[in-house]
Structures are given as C-alpha cells and as structure tokens.
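Subject: Structure handover

Dear colleague,

Here is the structure I said I would pass on. My notes follow it.

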Amino acid sequence: MERESTGTAEKSNPASPVRININEDTCAANSLSSRADTCGATDVARARWTLLRQVLRQKQMDNPEVKQVSVRRFATFDLFSRKRLVTQDPRDTSDDQWVEYRSVYFPEYSALLRDNLGPLRVNEVLNSFDNTGNVCVWPSEEVMAHYCLQKRHMFKGAVCELGGGMTCLAGLMVAICADVKEVLLSDGNEKSIQNVRGLIERNRQAGKFGSAHVSTRVVRWDCESDISALEGHFDIVMCADCLFLDQYRASLVDAIRRLLHPNGMALVFAPLRGETLGLFCQLAQHAGLCVSQHQQYDAQVWDVHLKMVREGKEAYDENIHYPLLITLTKGPQPVRLTQ
C-alpha cells in the first residue's frame, strides 16, 4: 500500500530481469496482514498492494521481463550509511543481500539487515497481496533509529517496537546501543517477523547485542490475545509511520495504552499525512493518554528538513516525509501540543 495516496509512478529504462523498485510510495512498513483468524482479516495487506497492481495494469506492460516501475520520492535523511556485505557461504544461492547500516553520527553503532536484491516478478505483484520480500527502511523508521541512538541513555527495562516491518531498525538499534533488559521487535505480518527473526540471529552471531534479551513476534494491534499477553509490560513502546490506516488507528492507541507500564512512555514518529496525525492525537487524548507533540527534536534531522524545504526539492513533501515526534504517557500531566 502506498503511503501517499496521490503518488505517481513512471517508467524507467528497460532492465532485465525485471526488478520493481519499491520505496516510500509503494511499500508499507506496518503491513498488519496474515492470520485470518480471531485477530481480523487481511484487508490491510490487500490494500498495501492495490496501488502497485493498478500502476502495473495502467502501464500495460507488454513484456514484463524488460520493464520496471519506480517511484521517485524522498527516501532518506542520510542518517545511516549502507554497505553491502559479501557472503562467504557458497551454499547461499538466494537473492538476499546482507547490508550493514551504520550510523553516520554515531559510527560505533551498526546493524546487519537483509536486503532482497532479486527480481520481483510482475505476476507476483498482480496475484499476491502479501509479498513483502524487498526491504524498505522508511524515513520515519530511519529517523526513529537515529533518535534512539541519540537518546540511548533514556532507554531502560523492557522496550517494544510496534509495526517495525521487515527490519525493525529502530528496535535493533536500541538492542545494540542501550542498557536494556529486553527488546521485543514486532509487526502484524508473519513474513516480516520471519525476516526479523533472521536479522536477530545474524546480529547476535556478530556480537551486536549486549546483555539484552532480543526477541520477535507477531503483534496485531486489534488482536486481544496478542495485546493481553503483553499488557503493562513495557517501559517504552515505539512505532514509526503507523498512523495512516483509518481502520487501525484506534486499535494502535489502545495497544500502546495497554502495553505501557504505568510509568512508561511511547515514542511515535509520523508525518502529518493530512489529518491522520491529528486524529491519532485526539484518539490518544480521549483514551486518557497525555500527548506532547514535537517538531524540532533533533538538530541533524531538522537541518536536512530545512535544506530540502529551502531548495524546493520536488521529491520532498513535508506533509508526508517529515516525521513529527509524539510522546504519550499515562501520567497526570496536562496535554501539551507544541508546534
């Protein structure tokens, strides 16, 4: 599902085999699909691929082996460098490519992610609603990961990332840099969790984690059994760009409220996206949470934002690309919304 309903797509030069480059406007970090049981249907994952199907059909691709679709959009705040790692295992014949994401401003911290560089065939997109093979690190996730490194000393106890998608980069960074007891990396999509499980094992083998217990599991915000099993357990809950789906916004607020320890805090990074962030804040207030909104929370991120706005970059839209920081607590403090 696109994260911008008004995004456009255009053909690029022919390539073979076909590879569909999916970035911010054609992937979703929180897919919340699978498990069509008591936890709900698969409508989110279906919606996630609707626009891409439409693009492919509208383009009338007569030779899918030599066409590719790309969307030119702002993709990064350049907070992490990316280095491909060469596999030493001749038995590994997959299209997966391991990549080291290293913080530019805190270079002592890095994480290993798996990037599927292989072809995504057109027929897979047209016939599937749950194909999440390509890694996407959204700007909001990138910013949240950077913020976690910047504020690593504030993390303690148990930490949970909700809707972390295929990478859970921010949660991984907390496990790597912070003195915490437990980090849970979660998403609503089972395929995402399978991938994250591999990331945890690879980073553990590389000695990236300290003494923290790092785990992953499917957590659907609208699934009572998922939430009740973890109720009141976390000192910090965080998520990035998870507010744009109307049907799950209230469930996310309820999940955050219930997962938090009484003295805990939630960190939510998300762009305005029209009214979606405001609606989320209203729901949080109505649920009894104290809401604080921050626009300027990190010097590096703010500088990039101002530069993009100043230069009038065509690919950069503050409404969908600049994440605000929302903090939520259960405390008695009055609600304070800052610009």
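F209 is buried, at a relative accessible area of 13% (buried means under 20%, exposed over 50% and partly exposed in between, with a 1.4 Å probe and protein chains only). The model is a predicted one, in which local features need pLDDT of at least 70 and side-chain atom pairs count only at pLDDT 80 or more, while totals for chains, interfaces and linings use all residues. Residues are numbered from 1 along each chain as its sequence is written, and side-chain values use heavy atoms, with hydrogens and water left out.

F209 sits in the loop between α5 (190–205) and β8 (213–218); helices (H or I, at least four residues) and strands (E, at least two) are DSSP runs numbered from the N terminus. Leaving aside neighbours within four places in sequence, F209 contacts L172, A175, I176, I200, N203, R204 and V214, where contact means heavy atoms within 4.5 Å.

α4 is mostly covered, with 9 of its 9 residues buried. These are L169, A170, G171, L172, M173, V174, A175, I176 and C177.

α3 (residues 139–150) and α4 (residues 169–177) pack at about 15°, their axes 8 Å apart. Axes are lines fitted to C-alpha atoms, for helices over the stretch in contact, and angles run from 0 to 180 degrees between N-to-C directions. The two helices α3 and α4 are therefore roughly parallel (under 35 degrees; over 145 is roughly antiparallel, 65 to 115 roughly perpendicular and the rest oblique).

On α3 the contact is made by E141, M144, A145, C148 and L149, and on α4 by L169, A170, M173, V174 and C177. By class, this contact of α3 with α4 has 9 nonpolar, no polar and 1 charged residues (Ala, Val, Leu, Ile, Met, Phe, Trp, Tyr, Cys and Pro are nonpolar, Asp, Glu, Lys and Arg charged, and the others, Gly among them, polar).

**N319**

N319 is found in helix α10 (residues 318–321) and is partly exposed at 29% relative accessibility. Not counting residues up to four places away in sequence, N319 touches P271, L272, R273 and G274. N319 and L272 are 47 residues apart in sequence and 5.3 Å apart in space, C-alpha to C-alpha.

**Confidence**

The chain has a mean pLDDT of 78, and 68% of its residues reach 70 or more; pLDDT is the predictor's confidence in each residue, from 0 to 100. Over residues 59–72 the pLDDT is below 50.

Regards
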